Amino acid sequence: MATNGFLWGVHRTIRFPSPFDLLQQRMTDVLGDGGIFKEVLHPGEGPPVPQNATVSVHYSGYLEYADQPFETTTNLLHPRLLKTGRELTLWGLELGLLTMKRGELSRFLFQPEYAYGDLGCPPLIPAAARVLYEVQILDYLDSGQVDQFFAMSLEEQSSAPLPEVLQVTNTLRSLGNNYFSWKQHKRAKDSYKQAVMLLENREVQSKSEKEEIQTALLPLYLNLSLAELRLESWNKALKYASKALEVDSCNTKALYRSGQAYLELGDCKTALRFLKAAQAKKPYDADINNLLQKVAIQCKDSLDKEKDFCSKMFRSRRSPDKM
């Protein structure tokens with residue numbers, strides 16, 4: 001019995017590894033201090049995420065022994081767009097992102113000091129909890145140069161070489177395009193407007209520089225017009241489409257968006273004129289032809305209603321007064 005008791009006592013002191021312990025055994029110690037462990041599930045491409053980048057990311061956070069995540073972005077319609085160095089409150093996740101490449105899917109195991117600390121985050125996260133995150137980097141933009149540029153004084157910005165300014169505006173346009181693709185039209189518009197203001201406020205030094213600026217402004221005007229259409233700001237959409245036509249009077253997208261804006265403003269005749277001009281440039285474009293047909297029908301209906309109204313007015317004036 002004593003022997004059995006002794007063996008029983010030994011068995012009681014054995015600690016079996018937990019799920020996180022087992023997972024950690026096949027992971028890499030990122031910093032060398034045992035605070036962040038990483039396992040790459042699907043490798044990415046290109047250089048890792050730089051500091052002060054804007055990152056398009058999906059992630060899910062898990063507690064040990066939990067089947068469901070305590071937070072996740074995978075149930076959202078679009079991925080999260082985060083600015084490293086600003087919008088991430090979890091220190092371990094910030095450091096983990098900086099080790100990842102575009103398209104990469106990885107797991108991270110964070111010790112409490114790199115997650116929610118000794119106190120946790122009640123009632124969701126218990127005290128001194130290790131947490132597991134699955135993270136996927138969809139894309140990122142190195143927007144650090146944009147931050148540095150806007151940290152400069154107005155005088156420094158105006159005297160910056162044009163190639164540097166164009167690089168900043170290209171990044172802003174790409175950022176706006178990402179916002180737009182995720183249907184964040186207000187944020188897309190704000191990014192495009194920042195770029196437009198930089199270019200429009202710049203003092204032109206030469207004819208060639210003016211041409212470069214106009215070339216850079218054209219897609220920004222077109223994107224702004226489309227963003228304003230999505231925001232149902234018809235007059236603003238028309239404003240930027242008109243600016244695009246000042247740069248390129250035959251631009252099909254600008255003609256089409258002008259037609260869209262005029263249609264929403266109730267001016268069928270002018271919408272028809274712009275859409276016919278767009279059709280002349282691209283006669284087989286389905287979007288142009290479909291909208292043109294819609295406008296033609298609306299114009300006809302409007303004209304028929306106007307004729308009917310005038311006819312009734314004319315008859316009422318000719319009919320004798322009834323006593």
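I began at Ala 128, which counts as partly exposed at 43% relative accessibility. This is a predicted model. I located Ala 128 in the loop between strand 8 and strand 9. Its phi is near 50°, a positive value in a residue other than glycine.

I looked for another residue of this kind and noted Asn 52. Its phi is near 60°, again positive in a residue that is not glycine. Asn 52 sits in the loop between strand 3 (45–48) and strand 4 (54–63). I read a relative accessible area of 35% for Asn 52, so I filed it as partly exposed.

Next I checked the peptide bonds. Pro 122 and Pro 123 are joined by a cis bond, with omega about 0°. Pro 123 belongs to the loop between strand 8 (105–110) and strand 9 (131–141). I noted both kinds of entry because most residues other than glycine have a negative phi, and most peptide bonds are trans.

I counted 12 helices and nine strands. Of the 323 residues, 41% are buried. I took the contacts with a separation of 6 or more, and 63% of them join residues 24 or more positions apart.

I turned to the nonpolar cores. Which residues touch the most other members of the largest core? They are Leu 199 and Val 295, out of 52 residues. Elements giving two or more residues to this core include helix 4 (144–150), helix 9 (234–247) and helix 12 (286–318). Helix 8 supplies the largest share, 11 residues. Another core lies apart from it, with 26 residues, among them Tyr 59, Leu 88, Phe 110 and Val 135.

Beyond its neighbours within four places in sequence, Val 295 contacts Leu 263, Cys 268, Ala 271, Leu 272 and Leu 275. Cys 268 is buried, at 13% relative accessible area. Cys 250 is partly exposed, at 40%. I searched for disulfides and found zero.

Lys 281 was next. I placed Lys 281 in helix 11. Its relative accessible area is 44%, so I call Lys 281 partly exposed. With neighbours within four places in sequence left aside, Lys 281 is in contact with Cys 250, Thr 252 and Leu 255. Lys 281 and Leu 255 are 26 residues apart in sequence, and their C-alpha atoms are 9.7 Å apart.

I finished with helix packing. How do helix 6 and helix 7 run, roughly parallel or roughly antiparallel? Their axes come within 7 Å and cross at roughly 165°. Angles over 145 degrees count as roughly antiparallel, and helix 6 and helix 7 are therefore roughly antiparallel. The crossing of helix 6 past helix 7 is left-handed. On the helix 6 side I listed residues including Val 165, Leu 172 and Phe 180, and on the helix 7 side residues including His 185, Tyr 192 and Leu 199.

I compared a second pair, helix 8 and helix 10. They pack at about 25°, with axes 10 Å apart. That makes helix 8 roughly parallel to helix 10. I logged a left-handed crossing for helix 8 and helix 10. Leu 222, Asn 223, Ser 225, Leu 226 and Leu 229 in helix 8 meet Lys 253, Ala 254, Arg 257, Gln 260 and Ala 261 in helix 10.

Note on methods: Residues are numbered from 1 along each chain as its sequence is written. This is a predicted model: local features need pLDDT of at least 70, side-chain atom pairs count only at pLDDT 80 or more; totals for chains, interfaces and linings use all residues. Side-chain values use heavy atoms; hydrogens and water are left out. A disulfide is a pair of cysteine sulfur atoms within 2.5 Å. Buried means under 20% relative accessible area, exposed over 50%, partly exposed in between (1.4 Å probe, protein chains only). A nonpolar core is a set of buried Ala, Val, Leu, Ile, Met, Phe, Trp, Tyr and Cys residues joined through side-chain atoms within 4.5 Å. Helices (H or I, at least four residues) and strands (E, at least two) are DSSP runs, numbered from the N terminus. Contact means heavy atoms within 4.5 Å. Axes are lines fitted to C-alpha atoms, for helices over the stretch in contact, and angles run from 0 to 180 degrees between N-to-C directions. Angles under 35 degrees count as roughly parallel, over 145 as roughly antiparallel, 65 to 115 as roughly perpendicular and the rest as oblique. A crossing is left-handed if the near helix is turned anticlockwise from the far one by less than a right angle, and right-handed if clockwise.
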